[in-house]
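Here is a short report on one protein model. Please keep the sequence and the 3D view open while reading.

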Amino acid sequence: MTCREFVEFLNAYLEGNLTPAEKAEFERHLAVCTACVRYLAGYNSTTRLVRDALVDAANAPADAPEELVNAILAAKRRAD
């Protein structure tokens, strides 16, 4: 498996959607490629930060500035 293939299979791996053979190949690549280990760690950190931000946003005070709310909503629309 190449690093490019690693990235292509990342979501399927994290969601448990790889075949046993694909999962073994993916994990063999992780065992020898420090760059992909760092990529996976960064990906996991990013998704955790986003998830935490969404939880915090749900608990945001009702008096948040309208400009801030609009900027967040616009950024979310661009991301979707």
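## Overall fold

This is a predicted model. The protein chain has four helices and zero strands. Along the sequence, the pattern reads α-α-α-α.

How much of the chain is buried? Of its 80 residues, 11% count as buried. The protein chain exposes about 6300 Å². Carbon and sulfur atoms supply 58% of that area.

Sequence separation gives another view of the fold.

## Helices H1 and H2

Helix H1 covers residues 3–14, and helix H2 covers residues 20–32. In general, a packed pair of helices is described by two values, the angle between the axes and the distance between them. Here the angle between H1 and H2 is about 125°. Their axes lie 11 Å apart. An angle between 115 and 145 degrees is neither roughly perpendicular nor roughly antiparallel, so H1 and H2 are oblique to each other. The crossing of H1 and H2 is left-handed.

Which residues make the contact? H1 supplies Cys3, Phe6, Phe9, Leu10 and Tyr13. H2 supplies Glu22, Lys23, Phe26, Glu27, His29 and Leu30. By class, the contact of H1 with H2 holds seven nonpolar residues, three charged ones and one polar one.

## His29 in helix H2

His29 lies in helix H2 and takes part in the contact with H1. Is this residue buried or exposed? The cut-off for buried is under 20% relative accessible area. His29 has 9% relative accessibility, so His29 counts as buried.

Neighbours within four places in sequence are left aside here. Beyond them, His29 is in contact with Met1, Thr2, Cys3, Phe6 and Cys36. Among these, Cys3 and Phe6 also belong to the H1 side of the helix contact.

## Leu18 in the loop

Leu18 is found in the loop between H1 and H2. Its relative accessible area is 14%, so Leu18 is buried.

What does Leu18 touch, leaving aside neighbours within four places in sequence? Leu18 is in contact with Phe9, Ala12, Tyr13, Lys23 and Phe26. Of these, Phe9 and Tyr13 of H1 also take part in the contact between the two helices, as do Lys23 and Phe26 of H2.

## Two positions in helix H3

Helix H3 runs over residues 34–58. Ala35 has its place in helix H3. With a relative accessible area of 40%, Ala35 is partly exposed. Ala35 and Cys3 are 32 residues apart along the chain. Their C-alpha atoms are separated by 8.3 Å. Cys3 is also one of the H1 residues in the contact with H2.

Asn44 is in helix H3 too. Asn44 is partly exposed, at 31% relative accessible area. How far is Asn44 from Leu14 in sequence and in space? The two are 30 residues apart in sequence. In space, Asn44 and Leu14 are 9.6 Å apart, C-alpha to C-alpha.

Conventions. Residues numbered from 1 in each chain as written. Predicted model: local features only at pLDDT ≥ 70, side-chain atom pairs only at ≥ 80, totals over all residues. Heavy atoms only, no water. Buried < 20%, exposed > 50% of the residue type's maximum accessible area, 1.4 Å probe, protein only. Contact = heavy atoms within 4.5 Å. Areas by Shrake-Rupley, 256 points an atom, 1.4 Å probe, with all protein chains shown as cover. Axes fitted to C-alpha atoms, helices over the stretch in contact; angles between N-to-C directions. Parallel < 35°, antiparallel > 145°, perpendicular 65-115°, else oblique. Left-handed = near helix turned anticlockwise from the far one by under 90°. Nonpolar A, V, L, I, M, F, W, Y, C, P; charged D, E, K, R; others polar.
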